[in-house]
Each structure stands twice: as C-alpha cells, then as structure tokens.
Amino acid sequence: MFKVNEYFEGKVTSMAFEEATGSATIGLMAKGDYEFGTDKKEIMHVVSGEMIIQLTGEDTWSTYKTGENFKVPGSSSFKLQIPVDTAYRCQYVD
C-alpha cells in the first residue's frame, strides 16, 4: 500500500512506494525554500520544474531542471530552493 507524507504545512507532499530497485517516493513541492535530512543515499529526479540545491558541506548551489537528477549522500542533509512548483521522484539507495 502507498504511504502519503506531508511536510512544511502541506507545501511538500510525497507518496512512498516500492519499485523493482527498492523504495521510492514521488511528490510535489510548492515554490519555496526547504531543508531535508537523509538516512539513506538518495537519487532525486526532477520530473517537472526546477530545484536549486546545496548539499551539506558545499558552498555552491546547483540547479537541476526537468529530466535531470542529482545524488544526495546518506546521513546528511540538503537545502532546496524551489522557484516554481516542482514534481520529483526520489530513489532510496542502500
């Protein structure tokens, strides 16, 4: 069964599911600034929209648009600037 999660007063929603390669979520982020912590390694895919991200320990921000992805190390955090409503898919990697 699917598990629905809401963060930041409903501005970020996700639905968790299992796929052939493991756990994943698919969701939406409203325009805004956010910060998330991670347990496992993640691969974030921008399905539609744009994410400007800063990984823990990095000074620079990187922009990812529709069709692009980035990796987030496990046991870390990352900051996001979402300039437009954005859809994403997140794969959790062991």
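Two strands pair if DSSP finds at least two bridges between them, and strands themselves are DSSP runs (E, at least two residues), numbered from the N terminus, while helices are runs of H or I with at least four residues. With that in hand, V12 stands opposite M29 in strand 3. Please keep in mind that this is a predicted model, in which local features need pLDDT of at least 70, side-chain atom pairs count only at pLDDT 80 or more, and totals for chains, interfaces and linings use all residues. Residues are numbered from 1 along each chain as its sequence is written, and side-chain values use heavy atoms, with hydrogens and water left out.

**The chain as a whole**
- The protein chain has 0 helices and 10 strands.
- A compact globule of 94 residues would have a radius of gyration near 12 Å, and the protein chain agrees because its value is 12 Å; this radius is taken over C-alpha atoms, and the globule rule is 2.2 Å times the number of residues to the power 0.38.
- The C-alpha trace spans about 35 × 25 × 25 Å along its principal axes.
- Of the 94 residues, 37% are buried, meaning under 20% relative accessible area with a 1.4 Å probe, protein chains only.

- An open sheet is formed by 6 strands in the order 1-2-3-10-5-8, with antiparallel pairing.
- Its edge strands are strand 1 (3-7) and strand 8 (69-72), each of which pairs on one side only.
- In general, strands of a sheet pair through backbone hydrogen bonds, either parallel or antiparallel.

**Pairs within the sheet**
- Strand 1 and strand 2 are antiparallel and share 5 bridges; here Y7 stands opposite V12.
- Strand 2 (residues 12-19) and strand 3 (residues 22-29) run antiparallel and are joined by 8 bridges, forming a hairpin with 2 residues between them.
- Strand 3 also pairs with strand 10 (residues 86-93), in the antiparallel sense over 6 bridges, and A24 stands opposite Q91 there.

**A look at K41**
- K41 lies in strand 5 (residues 41-48).
- Leaving aside residues up to four places away in sequence, K41 touches V72, P73, G74, Q91, Y92 and V93.
- K41 and S75 are 34 residues apart along the chain, and their C-alpha atoms are separated by 7.6 Å.

Definitions and conventions:
Contact means heavy atoms within 4.5 Å. Buried means under 20% relative accessible area, exposed over 50%, partly exposed in between (1.4 Å probe, protein chains only).
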